[in-house]
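I opened my notebook for a friendly walk through this model. My entries follow in the order I looked things up.

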Amino acid sequence: DRARTSGRTRTTCGYCGVGCSLEVLTRDGEIVAVLPDHDGPVNRGHACVKGRFAHGFLHASERLTRPLLRRDGLLTPVSWSEALDHVARGLRAAVAAGGPDAVAAISSARATNEENYLIQKFMRVAVGTNNVDNCSRLCHAPSAAGLTAAFGLSGGTDSLDDVEGADCLLLVGANPVEAHPVVGARLLRRVLHGARLIVADPRTVGLAHHADVHLRSQPGSNVALFNGLAHVMLAEGLVDDDFLRHRVAGLPELTALLAGYGPDRVAALTGVPAGDLLEAARLYGRAERPAIVYGLGVTEHLHGTDGVRALANLAILRGAVGTGHGFGINPLRGQNNVQGASDMGALPDLLPGYAKVTDPAARARAADVWGAPVPDRPGMRIPEMFAAARAGTLQALWIVGEDVCATDPDTVRVTEALETCPLVVCQELFLSETARHADVVLPAAAWLEKDGTFVNFDRRFQRVRPALDPPGDARTDFAAVHALASALGVDLGCRTPAETLAECARMAPLFAGISHERLDREGAVSWPCPDSLRPGEASLYRERFSTSDGLAHLAACPYLPPGETPDDRYPLVLVTGRRWAHYNSGNMTRRTANLQLEGVDLLDLHPADAARYGLGEGDPVTVRSRYGRAVLTAHLSDDMVPGQVFCAFHFPSSGVNTLTSRHADTVTSCPEYKVTAVRLIPG
Ligand code: SF4
């Protein structure tokens, strides 16, 4: 409170997963400036165009300030009690008709850890189902699955500070200069100070201009590429034999598989010249301190989890993980709190701290803390929720801060699901594409109006503090969940965000030593942190891996083709991603001055493809896939290779996600956003 009246609030950025610490200056209920915090543990005085300048949306005239209830087909302003009574009646009716599993919730990175904890507790305790999932399903679910299988924990192995000590960086499927600018700047500085750089990405992303070698593999060919690198490392003895002997399982199986991934075959599968593959493998394999940093270009594939496993193989073969010296393999999480949403158990198969709902001991521990039984059957993942809604078995869907009708793939079918489901409740800042299809819309608070914590991409808990009050009758998700529980006659406990994190810490040994009070004192604490008297572990697996046998596990993953390949009808491959001025569906950033930096969704294409289709810079272009069509603006770029096109999804009116593929990771259901076959039509 003192910080708020003095008009200076220290909080954590609510955009990307870097987790920059910001100083927010306010006067008379308005933000005067947002400054990067010089003591910020991750950003150290830096911030990007989103964190610093994209806050005007807070005062946008379209902010929702009252609950809305659909009456006679129209969303009509009502009181909170009227809205909550309607939702409570709808939830009771849904449970009466189909049991607790007829209700589902989608949580998100926009919610704090404490809000995510409360949402999953509400679903498990108040409704009695494990049907809760979060937006990591659409981005890094394969990282969680792949890294857990390889090493035992669901997070990157090291910290950004450790990565900065690397003498060789392998950057894969990520464009941090635009999507994680503060990380992009720190990696660039490391390269300018002498680290070697290998970039593996179909596009010439920002850092590729500084790379020693750029591996331009075909979208969907990651597993073949990583197997090819591993083949060369094994063949040329660029591995850590002692590490492999004592700390690793699975080498014979991998060695047998890799025999079939010589450079010539890999060149044919990936399009990467054999010479480039050899050079990259030698750079990584001969480095003393090699680090891998990767993004959604690894995970958002039909075989995304295999991609993570095959990439982790490189770090294991080289003995560059679990050494106590950092480096390792580190996913760049896209959204502010997507790591935390999963850490808090907003997942259909996992409780807070990654305890399995199928584990009787974990359920007993949770039941002891919650005073209520925990359902033992894993719940539905997000795509299964939409399928159940379309099939008529899902009776109520509660969506917190996710614009699924703009960001999920194949949005025509997502919208059908929402139209079919008898009750859709949406907590939102604006009347988003999703909120337009809801039966009840609850006005939500934004990240600059919230109290709690986020976990960033390298597992650091940091405090989130309110610089302003939410407008009108808008409420935090924390307050909304409590109000809904009360409407159902359920007391969730956890009166404050601090109490909530304390309860989570009692349940989950990974976070046992973390509290608001400690974060207020220390600024940031990494998990695992099982003890309040010891620091968190920024670099993991010093003594043993967290797998059941204490070993790192290599995986023999054969290359399998992506869900779609170009053909005569759809001859190009579309890859989607982010650009620097906007964030996801743009609900926040489009309502700020950042709109002047990037005002439309562009389609990047190589000049040769532009000539083939008769397109010039700035021309309108219709993109068609097997699922839908989008109208974009052509942007000619030598950063593309012929045959591939790229666009972001920041302007829902362009309809990019009506195009994207129905294929999804075979292990985690993460959509294959990175490979959709399309054709272009001028105009
Ligand atoms: Fe930092 Fe990411 Fe926020 Fe930019 S968007 S200020 S890089 S946390």
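I started on helix H11, where the face turned away from the buried side carries the exposed residues Pro252 and Ala256. Helices are DSSP runs of H or I with at least four residues, strands are E runs of at least two, and both are numbered from the N terminus.

A note on the source: this is a predicted model, where local features need pLDDT of at least 70, side-chain atom pairs count only at pLDDT 80 or more, and totals for chains, interfaces and linings use all residues. Residues are numbered from 1 along each chain as its sequence is written.

Next I listed the buried residues of H11 (residues 251-258): Leu254, Leu257 and Leu258. They span an arc of only 95° around the axis, so they sit on the same side of H11; the arc is taken over directions from the helix axis to the C-beta atoms. I then found that the buried residues of H11 pack against helix H9 (222-235) and helix H15 (304-317), with contact meaning C-beta atoms, placed from the backbone, within 7 Å.

Last, I turned to the strands and found a closed barrel of six, running E23-E27-E24-E26-E25-E28 with mixed pairing. Two strands pair if DSSP finds at least two bridges between them. I looked up E23 (residues 572-576) and E27 (residues 644-647), which pair in the parallel sense over four bridges. Valine 573 has glutamine 644 in E27 as its bridge partner.

Definitions and conventions: A residue is buried if 20 or more other C-beta atoms lie within 10 Å of its own, exposed if 12 or fewer, and partly exposed in between; C-beta atoms are placed from the backbone. Two residues are in contact if their C-beta atoms, placed from the backbone, lie within 7 Å.
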